[in-house]
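Here are my notes on this entry, point by point. Please read them with the structure open.

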Amino acid sequence: MRHLIIGLALVARAASAQMQPAESFAGRLSPDARVALQRLVDSARAAGIPAAPLQNKIAEGALKGADERRIIAAVQSLIQRLADAQRILGPRSRDTDGYGLLGATASALQAGVAPGIIQSLVALDSTQRSDPRPLVGALVTVVDLIAKHIPASAAGMSVADLLRRRATEDELVAFRADIARDITAGATPDIALATRMRAYMQALDANRSIDRRPPGGRASPPGAL
Amino acid sequence: MRERDASPESPMLQRATELLREIPDVRAEWRAALNARIRQPSFNVRVKARDRSTLRPFAAIAAALVFAGVGIGAALAVRAPGQTTENGLSRTRFAFVAPSASQVSIVGDFNQWNPAAFPLRRSADGRTWVIEVSLRSGRHVYAFVVDGKVARDPTAAEGEDDGLGMPNSVVVVQGT
């Protein structure tokens, strides 16, 4: 019996640790900062922006002991990116996997991808699929390539070319893993991208019959967004 | 070596074989630690910086093959090694070397930056703290909390500005 009680107490303690809400870390902030942040979260929520990533950012700042003005600025900046992401995604920002897609879009904006490139990826994906995961995978791939010092425009256009050829999520994963491997082996980022793009496009073209004609009927040249 | 020396009947070779088969005299705790490491699951291991050098020759060979135009078709649909998925989540292993730490946890966008949520456990070598976390596919930002202090993952391949002046580590999790 004693062991059972101790066991239950340990389980309860572990569960409470897992369930501890992010808001509790905001308790480390001054009352003024808490009020300012709560106002930001409330107004964002009223605009349809999910509160969870904002509360996460507040918890992150509080945990790191960051300057309060900096936390407020970081939350404002995140709200702006999420609002931009919502605008770019349109109705798709409310997909079942909505935050995954919204978060990936906001990350792409933070990484410096031009809104026009993201819009092209969204449009390209929307015409071909109903599942948001390939688009999330595409955005993650673009951000990952930028982190590997590939220019944002080249990264965006390359992934658009792969999406146009109906690359699957697995193929995008393999694509970025191969580029990472080539760079680790000594290739420059641009050479790694060019080499892998050539290989993947050839393989995708060979493996699938592609309808290159968009709904308008005109063929789009390779590389065009 | 002459052929007759290499025959199974050669006494010298038999003695050498026996010597090689003998289990060397090692400390029991060292053997236990080694066995524990062998038993560790190998999937999605976050390779420590010092281990990367052992991968370079293989990576170089792979790249050389690719640049030579070999295996272009085979490059498609290849998952990164060591990925396991379950219920749409991928198990990802994190490790942090901190021999003198008394408590290490991982925080990130997957646990609301809650240092109490995912504590790491000290591994058998007594130096490395480890944990496996189930993550959704995509990019995740994270950090370690070592005895109350936030620390970056020194082995992370990528970092990302957090807007707070303390860059985060990034892990990219494959799709399911």
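1. Start with the aromatic cluster in chain B. Phe94(B), Phe96(B), Tyr142(B) and Phe144(B) are linked by ring pairs. Keep in mind that this is a predicted model.

2. Over all chains, the whole structure holds 5 aromatic pairs. One of them is edge-to-face: Phe175(A) with Tyr200(A), at 5.2 Å centre to centre and 75° between the planes. Phe175(A) sits in helix H9 of chain A and Tyr200(A) in helix H10 of chain A, so the pair ties together parts 25 residues apart in sequence. Phe175(A) is buried, at 0% relative accessibility. Tyr200(A) is buried too, at 1%.

3. Phe96(B) and Phe144(B) make a tilted pair, with 4.8 Å centre to centre and 50° between the planes. Phe96(B) belongs to strand S2 (residues 89–97) of chain B, and Phe144(B) to strand S6 (residues 138–146) of chain B. They are 48 residues apart. Phe96(B) counts as buried because its relative accessible area is 10%, under the 20% cut-off. Phe144(B) is buried at 0%.

4. What is the make-up of chain B? It has 3 helices and 9 strands. Of its 176 residues, 34% are buried. Among contacts between residues at least 6 apart in sequence, 69% join residues at least 24 apart.

5. Now chain A. Helix H2 (residues 31–46) and helix H4 (residues 68–89) of chain A pack at about 5°, axes 10 Å apart. H2(A) is therefore roughly parallel to H4(A). The contact includes Leu37(A) and Leu40(A) of H2(A), and Ile72(A) and Val75(A) of H4(A). Its residues divide into 9 nonpolar, 1 polar and 1 charged.

How values were computed: Residues are numbered from 1 along each chain as its sequence is written. Chains are lettered from A and ligands numbered from 1 in the order in which they are written. This is a predicted model: local features need pLDDT of at least 70, side-chain atom pairs count only at pLDDT 80 or more; totals for chains, interfaces and linings use all residues. Side-chain values use heavy atoms; hydrogens and water are left out. Axes are lines fitted to C-alpha atoms, for helices over the stretch in contact, and angles run from 0 to 180 degrees between N-to-C directions. Helices (H or I, at least four residues) and strands (E, at least two) are DSSP runs, numbered from the N terminus. Angles under 35 degrees count as roughly parallel, over 145 as roughly antiparallel, 65 to 115 as roughly perpendicular and the rest as oblique. Contact means heavy atoms within 4.5 Å. Ala, Val, Leu, Ile, Met, Phe, Trp, Tyr, Cys and Pro count as nonpolar, Asp, Glu, Lys and Arg as charged, and the others, Gly among them, as polar. Buried means under 20% relative accessible area, exposed over 50%, partly exposed in between (1.4 Å probe, protein chains only). Rings of Phe, Tyr and Trp (its six-membered ring) pair if their centres lie within 6.5 Å; planes under 30 degrees apart count as stacked, over 60 as edge-to-face and the rest as tilted.
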